[in-house]
Structures are given as C-alpha cells and as structure tokens.
Amino acid sequence: MMALFTVSTFEGWPSLLYKAIDANGENLGPIYNYRVEISVFFIVYIIIIAFFMMNIFVGFVIITFRAQGEQEYRNCELDKNQRQCVEYALKAQPLRRYIPKNRHQHRVWAAVNCSAFEYGMFLLILLNTIALAVQHYEQSQPFNYVMDLLNMVFTGLFTVEMVLKIIAFKPRHYFCDAWNTFDALIVVGSVVDIAVTEVNSSEDSSRISITFFRLFRVMRLVKLLSKGEGIRTLLWTFIKSFQALPYVALLIAMIFFIYAVIGMQTFGKVALQDGTQINRNNNFQTFPQAVLLLF
C-alpha cells in the first residue's frame, strides 16, 4: 500500500520502478534490467489511479460545486440555460463596427479586413515563430546575420500592418481592440530592440539585451489558434475559470493555516540539527516557516 501510494503521488516513484525492474529473486542480489516488462504494471497503475481516478474525483467536486450553486434556484421555474438566456437578452448590446466614410480610408479599411490580408499576416506569424525556433547555441556569424536580417524584415512588415490598421480604423478605434493594443506593444518593443541592438553593436559599451521583446511575437499564435471554434471555447473556459481562483486560493490558505498551527503544536519543539532532516530550513518552530515547509 505504501509503495502504491508513493507511485500515485509521482514523488520518487522512478527509483521504486528501477528497483522493481532489477529485482531478481529471494535472497539474491539485483540484476540490471532483469525484468523490464514489470514497468507495464507501474504505467497502467499510474494511468488508472493518478490520471483516471483523480479526474473522476475532480469532476465529482465540480459537479457538487455546481449543484450547491443551483440550490438557491431550486424553486425557480426556469433551468440554468433558460436563466442565462434571459440574462443575456437583458444585458445584450448591439455590436458596433467602425466603417470609414472617407473614400481613400475606406480602401485601406477594406484591404485590412479582407481574408487575404488576414491569412497573409497569419503566415507571417508562423514564419516568424519558425525563425525564432531555429536559433540555437553557438550560432555561426553568417547565421546570426541572417537572423538579424529576418528580424528586421518581420519587424518592418508588422510595423506596416500596424500603420495600415491605424489608418483604417483611426487610433481611437484601433486601440479599443485588446489584440491590436497587444500587437502595437510588440511592434514598438521590436523596434526598440533593433535600435538598442544597433547602438550597442556600433559602440564598445556593454551590451544591453532586450531581445526578449521579439519573443512576445510567439504569443500572437494564440490569436491564430483562437480562430478555431473549439480552441476559442477552451480559451474562454480557461479565462472564466480564473473567476473561481480566489475562492480556491482562500480554501488552500485556510487548510495551510490549520495544518501549520497543528504542526507547530506537534513538532515545534523538536531540536534542530543541520546534519539531519530537521534543520533550519525544515522545521515547524515558527508560523512562516511552518507554512513554507508545508508549501
């Protein structure tokens, strides 16, 4: 039972697996990889208990949480979906879309809203991500030159995209969209990155590296993936689940507080010895230390 508990917690189970594989027979020493097939037992156990059963437990907690939340509406004639439809109908507002009246501005607006422009930008995002992914340790000088050149090209293209959208939507409508604001911050950071890199390369001063700005372009893949209905539903569910996090954190903090106090009362007077497991880093003598040890 202790061995299975150790495996189910994922803590230290590989050493137990290796000992089981090397096990030979009674009163006989271990043999390296004597029974590799015994690892199937551990893998199946982890899948059934650690993955499947734990998810069943979590699902049961979620179902119970929802059922408790529905208790106050048990006498209501409308079910949950019907109530949400009524609330949506009361709170819904018509979508507003900016369409410029100026003829030249309307042409730019139509260009940036067409599917060809959108797919072209998605292709640039993918190519830029690939360019970031191929960089590696101890790159040759020509490779560094090509990467810097590609970085300038992508930055220039994304800057053109930002300028076209600002012309099409005007700054007030452009920055109302959170994605556009995020794209603008990435472009500004990339331009600053190139400027600082060029200044540092021309001077002998210590280099100030802010190349991490270009890494934020990878986040634009989320925008690309969010075009799919299933991915968009998952992202929305992920964002909505953060609303319950404060209550979960409060519950965890309360459990930590209770066990920290119990630990202080039970183990707080154990003497500290630096050569043992009960040392200045692992003890229950003070409340902050007890919470840190439990964490």
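**Aromatic pairs and the cavity in a predicted model**

At 18% relative accessibility, tyrosine 45 counts as buried.

Consider next the ring partner of tyrosine 45. The ring centres of phenylalanine 41 and tyrosine 45 lie 6.5 Å apart with their planes at 15°, so this pair is classed as stacked. Both residues belong to helix H3, which covers residues 39-69, and because they are four residues apart there, about one helical turn separates them. Phenylalanine 41, for its part, is partly exposed, at a relative accessible area of 47%.

A second pair has another geometry. For phenylalanine 238 and phenylalanine 242, the planes stand at 90° and the centres are 5.0 Å apart, so the arrangement is edge-to-face. Phenylalanine 242 has a relative accessible area of 44% and is therefore partly exposed.

In the model, the count of aromatic pairs comes to nine.

How many cavities of 30 Å³ or more does the model contain? The count is one, and the largest cavity holds about 50 Å³ of space. Its lining comprises 10 residues, of which Ala131, Leu132, Gln135, Met147 and Asn151 are the closest to the centre. Two or more lining residues come from each of helix H6 (115-133) and helix H7 (141-174). H7 makes the greatest contribution, with four residues. By class, five of the lining residues are nonpolar, three are polar and two are charged.

Terms used
Residues numbered from 1 in each chain as written. Predicted model: local features only at pLDDT ≥ 70, side-chain atom pairs only at ≥ 80, totals over all residues. Heavy atoms only, no water. Phe/Tyr/Trp six-rings, centres within 6.5 Å; stacked < 30°, edge-to-face > 60°. Buried < 20%, exposed > 50% of the residue type's maximum accessible area, 1.4 Å probe, protein only. 1 Å grid on protein atoms, 1.4 Å probe; cavity = no way out; pocket = protein on both sides within 12 Å on 5 of 7 lines; lining within 4 Å. Points joined across faces, edges and corners; volume = space filled by probe spheres on them. Nonpolar A, V, L, I, M, F, W, Y, C, P; charged D, E, K, R; others polar.
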